[in-house]
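Please open the model in your viewer and keep the sequence panel beside it. We will go from the whole chain to a few selections, one stop at a time.

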Amino acid sequence: MFLEFGIKDIIDIVLVALMLYYIYRLMRESRSANAFKGIMVFIVVWLFVSQVLEMRLLGTILDKLVGVGLLAVIIIFQEEIRKFLFNLGGHQRMRALKRFFTSSKQKDKDSKEVKQMIMPLVMASINMSRQKVGALVVLERSATLDDIVATGDKIDANINQRLIENIFFKNSPLHDGAMVIADKRIKAAGCILPVSHDLSIPKELGLRHRAAMGISEETDAIAIVVSEETGSISVAIKGRFRLHLSAEELDSILTTELS
């Protein structure tokens with residue numbers, strides 16, 4: 001048996017170990033680590049009972065539970081599975097592969113369009129930060145936000161600094177909701193976002209920040225937040241915050257993530 005153990009088996013073990021580590025890290029971030037540990041313990045017990053001890057009756061019962069358990073795992077971890085698929089499809093290597101097959105002219109055109117979209121956002125964010133005007137802007141990427149757009153008032157306008165500032169003006173009826181930008185256009189404002197219940201979010205951050213975190217956890221969207229209390233600018237990406245950003249930092253993050 002030892003002589004049959006080759007390089008392919010080593011690669012197989014390493015890949016399984018990496019997969020389990022990535023799944024555990026994903027579960028830990030979503031506070032499902034204990035459930036994941038419980039499933040792993042159950043699998044170890046099942047293998048020990050059925051393969052090592054060869055206990056037929058108990059092994060048969062556990063076999064039936066494993067057969068039904070796959071559906072239960074999908075139901076329990078549906079959010080984590082969806083987040084994993086979003087991360088897989090929107091991974092930087094995927095975008096790098098796409099850029100590799102894109103012509104230089106198309107790259108230059110895309111870069112200019114990204115800059116034209118980012119500049120009004122950065123300028124509006126800085127102005128609102130100085131005036132301590134609260135704002136929440138969500139930028140769609142690969143995951144569609146049509147369901148979020150449907151909760152607000154459709155606008156479908158060019159990205160314009162004055163328009164963004166007017167929408168989030170304190171007396172505006174749309175200033176409390178989120179603005180959604182997709183296909184390089186302002187699609188809607190006053191939208192309702194899912195709120196994150198992550199206990200690790202600092203308590204001084206308000207509902208806008210929790211909504212930004214919520215949409216970044218469920219999709220690959222980028223959420224820009226301007227605090228009404230402090231004027232601080234933050235960005236939520238893939239369930240993580242980048243707080244207290246300057247204009248240069250905000251511009252750099254958006255350029256990197258949207259290019």
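Start with the cartoon view: the chain has 10 helices and seven strands. Keep in mind that this is a predicted model. Of the 259 residues in the chain, 37% are buried. Among contacts between residues at least 6 apart in sequence, 61% join residues at least 24 apart.

**Stop 1: the largest nonpolar core**

Select L139, I164, F168 and I181. Of the 32 residues in the largest nonpolar core, these touch the most other members. Elements giving two or more residues to this core include β1, α8 (161–167), β3 (178–182) and α10.

Next, zoom in on L139. Leaving out residues up to four places away in sequence, L139 touches M117, L121, I181, A221, I222, I224 and L258. There is also a second, separate core of 21 residues, and I148, A211, I215 and A223 are among its members.

**Stop 2: strand β3**

Select residues 178–182. Five of the five residues of β3 are buried. In a regular strand, side chains alternate between the two faces of the sheet. Show the side chains here: A178, V180 and A182 point one way from β3, while M179 and I181 point the other way.

β1 pairs with β3 in the parallel sense over three bridges, and L139 has I181 as its bridge partner in β3. β4 runs antiparallel to β3, joined by four bridges; the partner of V180 in β4 is A188. β3 and β4 form a hairpin with two residues between them, and D183 in the turn has a positive phi of about 55 degrees.

**Stop 3: helix α9**

Select residues 207–218, helix α9. The buried residues of α9 are R208, H209, A211, A212, M213, G214, I215 and S216. What do they pack against? Look for β1 (135–139), α7 (146–149), β5 (222–226), β6 (233–237) and β7 (240–242).

**Stop 4: helix α10**

Finish with residues 247–258, where the 12 residues of α10 reach 16 Å from the first C-alpha to the last. L250, D251, I253, L254, E257 and L258 are the buried residues of α10. They cover an arc of only 165 degrees around the axis, so they lie on the same side of α10. Look along the helix axis to see that side.

Notes
Residues are numbered from 1 along each chain as its sequence is written. This is a predicted model: local features need pLDDT of at least 70, side-chain atom pairs count only at pLDDT 80 or more; totals for chains, interfaces and linings use all residues. Side-chain values use heavy atoms; hydrogens and water are left out. The expected span of a helix is 1.5 Å times one less than its number of residues. Buried means under 20% relative accessible area, exposed over 50%, partly exposed in between (1.4 Å probe, protein chains only). The arc is that of the directions from the helix axis to the C-beta atoms. Contact means heavy atoms within 4.5 Å. A nonpolar core is a set of buried Ala, Val, Leu, Ile, Met, Phe, Trp, Tyr and Cys residues joined through side-chain atoms within 4.5 Å. Two strands pair if DSSP finds at least two bridges between them.
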